[in-house]
Structures are given as structure tokens and as C-alpha cells.
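Please have the sequence and the structure open while reading.

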Amino acid sequence: MPDYNEYLERIFDVLKPFAKQGILLNEASELVTELGLTSLQVMELIEQLEDHFDMSIPLNILPDIRTVHDLAQALEKLNPGS
Amino acid sequence: MSLFDKFQPIADIQAELQALGVMPFGAVTEKLLSSTEAIVNGHQVILAGTNNYLGLTFEPECLEAAKKAIDELGTGTTGSRMANGTFAEHVALENELAEFFDRKHSIVFSTGYAATMGMGSTLAGPGDVIVLDADSHASIYDGVRLGGADVIRFRHNDPADLDKRLRRLGDRIDNTLIIVEGIYSMMGDQAPLAEIAEVKRKYGGLLLVDEAHSLGMLGEHGRGVAEAAGVEDDVDFVVGTFSKSLGAIGGYCVSNHDQLNAIRFAIRSYIFTASPSPSVVASTRAALRLMQERPYLRDQLWANAHRLYDGLKNLGLQVSPEVSPVVAVTIKDRNQAIDWWNRLLQHGAYVNLVMPPASPTDDSLLRCSVSAAHSEAQIDRIIDAFSTVQNTTAVD
């Protein structure tokens with residue numbers, strides 16, 4: 001099972017195209033307000049992570065996700081690492 | 001910060017449209033000239049965005065039935081189906097729907113939204129799972145969010161993606177509801193229901209299909225995509241609306257599961273709202289009968305759909321992926337979409353302007369819906385309006 005850092009690394013990979021000039025991608029990066037993801041792009045991010053980790057990520061977690069850290073933490077909670 | 005801050009983006013768009021003198025959302029229909037022509041925002045237009053697929057809104061038998069119901073039963077039921085709002089006519093409509101769909105049970109709701117939202121929020125709750133097509137209608141998303149089940153999306157119209165997501169559920173499949181639509185409301189594309197049913201057979205779960213935009217259009221009897229695909233036995237629940245093909249308002253769910261009669265009294269959008277008015281039920285019953293008596297309306301509808309689709313495609317416009325009574329033209333630039341919508345209206349065609357997040361992508365749409373009642377000449381006038389707008393650049 002992946003751990004927090006593996007989730008984090010993958011999220012960074014998927015989000016790279018959104019890290020526009022001058023924006024440093026880090027755990028505190030906010031998906032919507034800072035990186036400018038639309039609701040559709042957030043959904044696509046979730047789908048990509050589901051496929052990469054072969055896991056189910058219910059949309060129900062989204063209201064509690066603001067930052068990259070929140071997302072990595074939520075994934076670890078859904079699918080705890082060893 | 002105030003409660004109102006979150007509405008500012010909407011207010012900004014409203015102000016932008018007002019500055020342009022355009023009113024695409026809440027356009028006012030000032031006078032209806034027929035089921036296919038009206039005066040909208042001061043312009044006489046062909047109605048090409050009203051979902052009036054069979055053109056039954058002014059059908060004399062429907063009008064008479066509605067008038068008679070008003071005279072005999074009054075203007076409203078003043079109560080919920082669970083209390084005083086179940087009239088003999090509601091029960092008769094439920095029986096007629098069950099018979100039409102060849103299902104054992106049926107529920108009539110006050111709106112299509114209440115039907116879809118109600119079933120989605122009630123069938124699966126906390127601890128259960130809902131796997132839905134990514135492009136599902138807002139009423140489906142609203143319902144499943146309210147119900148509290150774990151909600152997982154699969155890629156639009158992609159049975160292989162559904163397969164993958166159902167496989168991941170393991171034993172949870174026993175508590176899983178799959179939700180798809182027959183014809184998708186924005187792009188008009190059909191669900192690959194035979195393949196989706198095959199995936200359901202492989203893993204299990206229950207399948208709910210929203211046939212809101214396919215009732216009366218597909219299948220030998222007009223029951224929709226499930227009938228056309230020959231997989232009605234795999235579909236556990238069919239939901240839909242009376243507000244499109246049947247020209248009224250209201251919704252339904254039909255099923256062969258005997259539990260539907262118990263589920264009925266757990267659906268809050270059924271219990272806590274007034275039942276449909278007698279006149280609405282009466283015109284719906286008449287329209288349901290006419291839809292079955294006049295299968296040629298389906299042929300007219302599809303002939304018109306082909307004519308409009310081909311005409312717009314021949315103009316070089318980016319039309320929806322397949323021919324359907326819903327023909328959507330993709331316009332990437334939002335301002336261009338607003339400008340085109342406005343000029344289409346000026347040139348005699350009313351269509352729907354759809355902007356994100358209502359559109360399935362980040363593009364905007366000029367969404368047309370075709371009616372069996374459109375004449376070939378009217379379809380050609382819609383195409384001409386697009387052609388004129390395409391070949392001119394400034395607001396007239």
C-alpha cells in the first residue's frame with residue numbers, strides 16, 4: 001500500500017501542468033483558489049489518482065479537501081499504507 | 001465576508017450580460033404562436049430549445065383533458081401524495097405508466113427533478129455506493145449527495161471504465177447502485193446501455209436509467225434506450241419526466257422490484273411536496289396515450305433531427321458526436337457563444353446557451369432540441385440562422 005509521501009508525489013505529478021509561472025507547488029498549495037482548478041478538473045484529478053493507485057475515491061471527500069496535503073491525507077485514510 | 005459573497009461570481013456574469021444587452025438565462029417567452037414558434041425577448045422565433053420532442057403541448061386532446069380536469073377536480077390537490085393528494089387520476093396514471101413500460105410498479109412525482117433526485121437520494125444511503133456516469137444531470141448529483149452514499153464517477157459512456165470501478169468495490173458491489181442516462185441532455189449522445197448492462201451482469205449491483213430525454217424516441221414502443229438496446233430486464237429502475245415528450249410537468253419511476261411500494265414512502269421528494277395538479281395529470285395521460293397511438297411522431301422527430309444535424313454539420317460547425325433530437329454546437333469561446341446566442345435570437349432561432357459548469361466540458365454550447373412538430377422549412381430556417389450568424393461578425 002502506498003504511504004502519504006507516495007500519494008503526495010503522485011498528486012504533485014498530476015498537478016504539474018497547473019503550477020503556472022511563479023506558483024510553487026507544495027503541500028499547502030490550494031487546488032481551487034491557488035492552482036485555479038475548475039470543478040471538472042478536480043474530478044479528473046480524482047479519476048487519475050483512482051486509476052494510478054487502483055483504488056476508489058468517493059466524491060464525498062471533496063468538501064474537506066482544500067490543499068494538496070488535505071488530498072494526500074484523505075487518500076492515505078481511504079487506503080492506509082503499511 | 002458575508003453569506004452573499006459566494007454569489008458574487010453569478011452577479012458578475014449577470015452584470016456582464018446586462019452590459020451586452022443579452023438575456024440568455026431566463027429569456028422571456030412573451031407569446032406562444034404554436035408548439036414550435038413564439039415571441040421570445042421581443043423576437044419572433046422558431047423554438048429550437050424547448051425539449052418539446054413530440055410537439056404535444058397544444059394537442060387538442062391534451063388541452064381538452066386538462067380543461068375537463070380543472071372543471072371537475074379543481075386547480076390543485078393542495079396536498080402530498082401521502083396525505084390528501086392522491087386522486088384516482090394519479091393512480092390511473094401510475095397504472096398506465098406501469099403498463100406502458102411493462103413493469104409491475106410505478107410512482108408519479110411532481111417533477112422530473114423530484115423523481116431523479118428522490119430515487120438517487122433514497123435508494124442508496126450511508127455505507128452504500130453509487131457509481132454514476134460523469135456527465136449525469138444535476139438532479140442526479142444533487143440526489144446522491146443528499147443520500148450520503150459513497151459516490152464514485154466513471155468516465156462518460158465508458159463501460160470499460162465502469163468495469164474497472166465496479167471491480168475495485170469488491171464485496172461492496174452488493175450495496176451498489178449504478179446510475180446512467182439514456183440520452184444525455186447536453187450533447188444528446190446515447191448511453192452504450194447494452195455494454196453497461198453486460199458490466200452490471202458481470203459484477204452485480206442495481207441499475208437505474210434516467211430516460212428523461214429518450215422517452216417516446218427510441219425502442220419499438222418508445223420506452224427509451226433500454227428498450228432499444230434490448231436490456232430492459234437488466235434495468236432495475238427507470239426514471240424520467242413528463243416535461244419533455246409528454247409536454248406537461250412531473251416525473252416517474254417504474255420498476256419490477258416489489259420493494260418500490262415501500263421505497264415510495266421513504267422518498268422525501270415524494271412525501272413532502274404537493275402532488276401534481278389534476279390538469280397536469282390529465283394532459284400527461286392523454287399525451288402518453290397519443291405517444292403510443294402515433295408512432296409516426298418518432299419518425300418525424302428523427303427525420304428532423306437528421307436534417308438539423310446534417311445541416312449544421314455541413315456549415316462546418318462542431319456538432320455533437322451523434323445524431324439525436326438534441327443537437328449541440330460547441331463554441332469554445334464563451335463570449336462568442338453569448339454573441340451567437342443573441343444573434344440567433346435576432347435571426348429567428350431560439351436555442352439554449354449552455355456555459356460551464358452546466359456544460360460537460362470547459363467549452364460553451366449552443367444546444368438545440370428538435371421537435372416532431374417542426375416542419376422541414378422551420379428546420380431549414382434554424383440552419384439558415386446559424387449560417388447567417390456564422391458569416392457575420394458584428395451584432396446587427
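**A sheet and a pocket in chain B**

B:A328 has B:R367 of β14(B) as its bridge partner. The model is a predicted one.

**Sheet**

- Strand β14 of chain B, residues 364-369, is joined to β11(B) by six bridges, and the two strands run antiparallel.
- The sheet is open and has three strands in the order β11-β14-β13 (chain B), paired in antiparallel fashion.
- At its edges are β11 (326-331) and β13 (352-354) of chain B, each of which pairs on one side only.
- From one strand to the next, the twist averages 25°.

**Helix on the sheet**

- Helix α12 of chain B, residues 296-314, packs on the sheet and touches β11 and β14 of chain B.
- The direction of helix α12 makes about 15° with that of β11(B).

**Second largest pocket**

- The volume of the second largest pocket is about 510 Å³.
- Its lining consists of 17 residues, and those nearest the pocket centre are B:I10, B:I13, B:Q14, B:F25 and B:M355.
- Two or more lining residues are given by each of α1 (8-20) and β13 of chain B.
- α1(B) supplies six residues, the largest share of the lining.
- By residue class, the lining of this pocket has 14 nonpolar, two polar and one charged.

**Where the topics meet**

- β13 of chain B is an edge strand of the sheet and also contributes to the lining of the second largest pocket.

Technical notes:
Residues are numbered from 1 along each chain as its sequence is written. Chains are lettered from A and ligands numbered from 1 in the order in which they are written. This is a predicted model: local features need pLDDT of at least 70, side-chain atom pairs count only at pLDDT 80 or more; totals for chains, interfaces and linings use all residues. Side-chain values use heavy atoms; hydrogens and water are left out. Two strands pair if DSSP finds at least two bridges between them. Helices (H or I, at least four residues) and strands (E, at least two) are DSSP runs, numbered from the N terminus. Axes are lines fitted to C-alpha atoms, for helices over the stretch in contact, and angles run from 0 to 180 degrees between N-to-C directions. Contact means heavy atoms within 4.5 Å. On a 1 Å grid over the protein atoms alone, a cavity is a set of points where a 1.4 Å probe fits but cannot get out, and a pocket is an open set with protein on both sides within 12 Å along at least five of seven lines; lining residues have an atom within 4 Å of a point. Grid points are joined across faces, edges and corners, and a volume is the space filled by probe spheres set on the points. Ala, Val, Leu, Ile, Met, Phe, Trp, Tyr, Cys and Pro count as nonpolar, Asp, Glu, Lys and Arg as charged, and the others, Gly among them, as polar.
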